[in-house]
Amino acid sequence: FVKFANIEEDTPSYHRRYDFFVSRFSAMCHSCDHDPEVQTEIRIAGIRGIQGVVRKTVNDELRATIWEPQHMDKIVPSLLFNMQKIEDIDSRIGPPSSPTGGEKEENPALLAENCFRELLGRATYGNMNNAVRPVFAHLDHHRLWDPNEFAVSCFKIIMYSIQAQYSHHVIQEILGHLDVRKRDSPRVRAGIIQVLLEAVAIAAKGSIGPTVLEVFNTLLKHLRISVDFELGDRRSSAGSATFSTSSKESDERIVQNAIIQTIGFFGSNLPDYQRSEIMMFIMGKVPVLGTTSQSLDTSHLGDLGTRRIQIMLLRSLLMVTSGYKATTITNALPPPFLDPLLSPSLMEDSELRQLVLEILHNLIDRHDNRAKLRGIRIIPDVSDLKIKRDKISRQDVSFMKKHGQQLYRHIYLGCKEEDNVQKNFELLFTSLALTTIELANEEVVIDLIRLAIALQDIAIINEDNLPIFNRCGVMALVAAYLNFLSQMIAVPAFCQHVSKVIETRSLEASYFLPETIFKDKCNLPKSLEKHEKNLFFLTNKIAESLGGSGYSVERLSVPYVPQVTDEDRLSRRKSIVDTVSIQVDILPGNNTEDKVDNTEEITFEALKKAIDNNGLEEQEKEKRRLVIEKFQKAPFEEIAAQCETKANLLHDRLAQILELTIRPPPSPSGTMTITAGHAHYQSVPVYEMKFPDLCVY
């Protein structure tokens with residue numbers, strides 16, 4: 001039959017069918033003769049027969065019956081059954097090999113593999129799925145997903161044997177099979193995902209067609225399912241044997257790690273334009289307070305399940321962003337990505353904050369400086385690090401004007417968390433240093449110094465009742481960063497002030513330095529209230545040193561206050577600012593006046609008035625929101641210029657009113673101070689005035 005199959009025919013024979021041969025040769029491939037030598041010979045004969053059928057029929061497009069499911073369901077499992085006998089699986093992971101004639105004749109496994117590669121190499125677009133589906137059936141029937149070495153080997157052979165443009169067909173089939181087996185044991189699902197990883201690793205090098213989002217969507221769906229199973233097992237087994245519970249949980253962790261590894265590997269092999277889309281896609285799935293319904297549904301998982309999903313998705317995002325080099329920071333951190341990433345919802349846990357900072361590092365660090373900044377320390381000479389940097393582009397300057405406050409706010413609030421550990425402080429230091437290297441012009445440098453002084457004030461004033469370790473950690477962070485910043489901008493007077501403070505700390509309060517506070521055994525002080533000013537970085541000293549070098553230091557006198565977002569008011573965490581009120585007590589002596597009766601008859605007119613007042617209140621709220629948004633997002637220079645204009649107008653009006661309305665009385669009733677614009681009226685006599693409302697204002 002093999003000799004007959006090798007004869008080339010000029011014209012096809014349409015009436016000839018090979019159903020009998022397929023069935024017979026497939027049966028021979030499964031021979032279980034009691035004599036091993038005879039068994040091997042029969043199996044080799046069956047494999048060679050199948051190879052002959054394939055060669056005789058596969059190239060004839062008019063007689064493509066060999067690709068029909070009833071034939072593939074016999075041929076493919078017969079070949080796989082013999083391929084299982086391969087002992088050295090690792091040697092089978094490359095492109096199609098060419099075994100010698102002697103090996104083909106003696107080893108059924110090698111012969112079957114060679115035939116399998118040949119069959120897949122001849123598959124076309126229309127019949128690819130028919131050749132792959134029997135592989136899943138065979139692996140399911142023989143329970144070869146756990147362990148999955150043979151399954152991985154099979155799909156490596158498949159991916160290397162088929163034509164590259166059909167790779168996405170195989171990936172779609174694996175994803176479909178993962179959906180079918182979603183209720184199976186964790187190890188089976190992990191085995192299928194591992195196979196997907198190997199297939200994706202090969203397909204990602206070429207074209208993978210329209211399956212990019214489908215791969216990520218399916219994997220993220222199974223990530224949620226896995227977390228659901230893990231928490232469900234934990235709830236159902238409460239009070240039962242802890243061993244089985246921990247075993248199931250660890251198995252689900254294997255599934256989750258396999259999914260994250262697959263997402264990360266796939267994402268990191270995509271071109272940049274596709275990778276940015278995937279970053280947005282994954283970030284859109286992270287459960288964040290106030291976002292749209294595109295995120296994964298975690299309502300039934302509770303707080304613990306939501307946190308697990310957040311950690312898993314951020315770990316996936318961390319792997320996808322690894323090695324990503326955007327031309328501008330705006331491309332790396334567009335607002336729809338940056339806003340949820342820096343959301344207060346992702347600050348409730350120490351591990352979440354670490355992941356967010358590491359993702360930021362991946363995207364901000366475009367010159368691979370992060371490794372040089374690893375670990376928080378006082379760097380004696382920054383020039384030894386050989387920092388790579390370019391001139392700040394116009395797009396990056398624009399980005400910092402629009403979104404710099406978000407970055408500062410995230411760092412500021414991150415320092416105030418009680419559950420910070422050493423790694424958090426290290427990542428915060430790296431964030432400040434990378435921002436200085438990649439995004440800092442003179443204006444940003446001033447903002448970063450204001451932020452550093454504000455962080456120092458957190459530790460000194462301690463309004464949030466932080467533990468001593470956290471307060472010392474913040475002080476050490478500020479010292480390490482200002483030491484780095486002063487050397488980067490190379491202003492001698494600034495460097496001298498920073499060095500002097502650090503030197504004083506090393507002698508009198510070494511726990512304010514990172515080398516001491518982050519040791520395993522560090523003697524912490526009982527309080528920080530009695531320390532002298534020479535241990536702190538002083539704003540006036542910094543302003544003097546920078547002012548002499550041409551920096552615009554006016555803003556250094558304005559303390560840094562983080563902007564308040566709508567999410568602060570919605571989140572369960574403590575708000576940064578509860579209320580901001582300005583109270584003016586004009587008549588302190590009138591506290592004993594009669595109280596007004598608040599009871600009022602409820603009439604139609606009263607209700608109408610209340611409704612009208614509600615409408616006015618809504619308008620007032622909208623006005624306040626617009627003002628707050630303007631002060632948060634508008635450039636500082638624009639706000640300052642507008643305020644100065646209004647102040648000058650008020651000054652002129654006040655001067656005019658005072659000149660027109662004050663009449664000399666027999667005796668003054670009191671004095672007051674009026675400040676408007678650049679004018680300062682000290683101890684102006686207050687007499688009978690034509691405009692009493694002005695005094696209240």
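A crossing of two helices is left-handed if the near helix is turned anticlockwise from the far one by less than a right angle, and right-handed if clockwise. Two packed helices are described by the angle between their axes and the distance between the axes.

This is a predicted model, in which local features need pLDDT of at least 70 and side-chain atom pairs count only at pLDDT 80 or more, while totals for chains, interfaces and linings use all residues. Residues are numbered from 1 along each chain as its sequence is written, and side-chain values use heavy atoms, without hydrogens and water.

**The chain as a whole**

The chain holds 28 helices and two strands. Both are DSSP runs numbered from the N terminus: helices are H or I with at least four residues, strands E with at least two. Of the 697 residues, 47% count as buried. Buried means under 20% relative accessible area, exposed over 50%, and partly exposed in between (1.4 Å probe, protein chains only). The accessible surface is about 36500 Å², and carbon and sulfur atoms account for 52% of it. Areas come from the Shrake-Rupley method with a 1.4 Å probe; for residues, only the protein chains shown count as cover. Take the contacts between residues at least 6 apart in sequence: 75% of them join residues at least 24 apart. Contact means heavy atoms within 4.5 Å.

Axes are lines fitted to C-alpha atoms, for helices over the stretch in contact, and angles run from 0 to 180 degrees between N-to-C directions. Angles under 35 degrees count as roughly parallel, over 145 as roughly antiparallel, 65 to 115 as roughly perpendicular and the rest as oblique.

| Helix pair | Angle between axes | Axis distance |
|---|---|---|
| α19 (residues 422–439) and α21 (residues 468–489) | about 25° | 10 Å |
| α21 and α22 (residues 492–508) | roughly 150° | within 9 Å |

On the α21 side the contact uses Met475, Ala479, Leu482, Asn483, Leu485, Ser486, Gln487 and Ile489; α22 supplies Phe494, Cys495, Val498, Ile502 and Arg505.

Helices α19 and α21 are roughly parallel to each other, and their crossing is right-handed. Residues of α19 in this contact include Phe425, Leu428 and Phe429. Among those they meet in α21 are Phe469, Val474, Leu477 and Tyr481. Leu485 of α21 takes part here, and Leu485 also belongs to the contact with α22.

The loop between α21 and α22 holds Ala490. Phi of Ala490 is near 55°, a positive value in a residue other than glycine. Ala490 counts as exposed because its relative accessibility is 54%.

Ser545 sits in helix α24 (residues 539–547). With 7% relative accessibility, Ser545 counts as buried. Beyond its neighbours within four places in sequence, Ser545 is in contact with Val491, Ala493 and Phe494.

**Other local features**

Helix α13 (residues 272–285) has 14 residues and reaches 20 Å from its first C-alpha to its last, close to the 20 Å expected. The expected span is 1.5 Å times one less than the number of residues. Buried residues in α13 include Gln274, Arg275, Ile278 and Met279.

Asp146 and Pro147 are joined by a cis peptide bond, with omega about -5°. Pro147 lies in the loop between α7 (128–141) and α8 (149–161).

Lys386 is not a glycine, yet its phi is positive, about 55°. The loop between α17 (350–364) and α18 (394–415) contains Lys386. Lys386 counts as exposed, at 65% relative accessibility.
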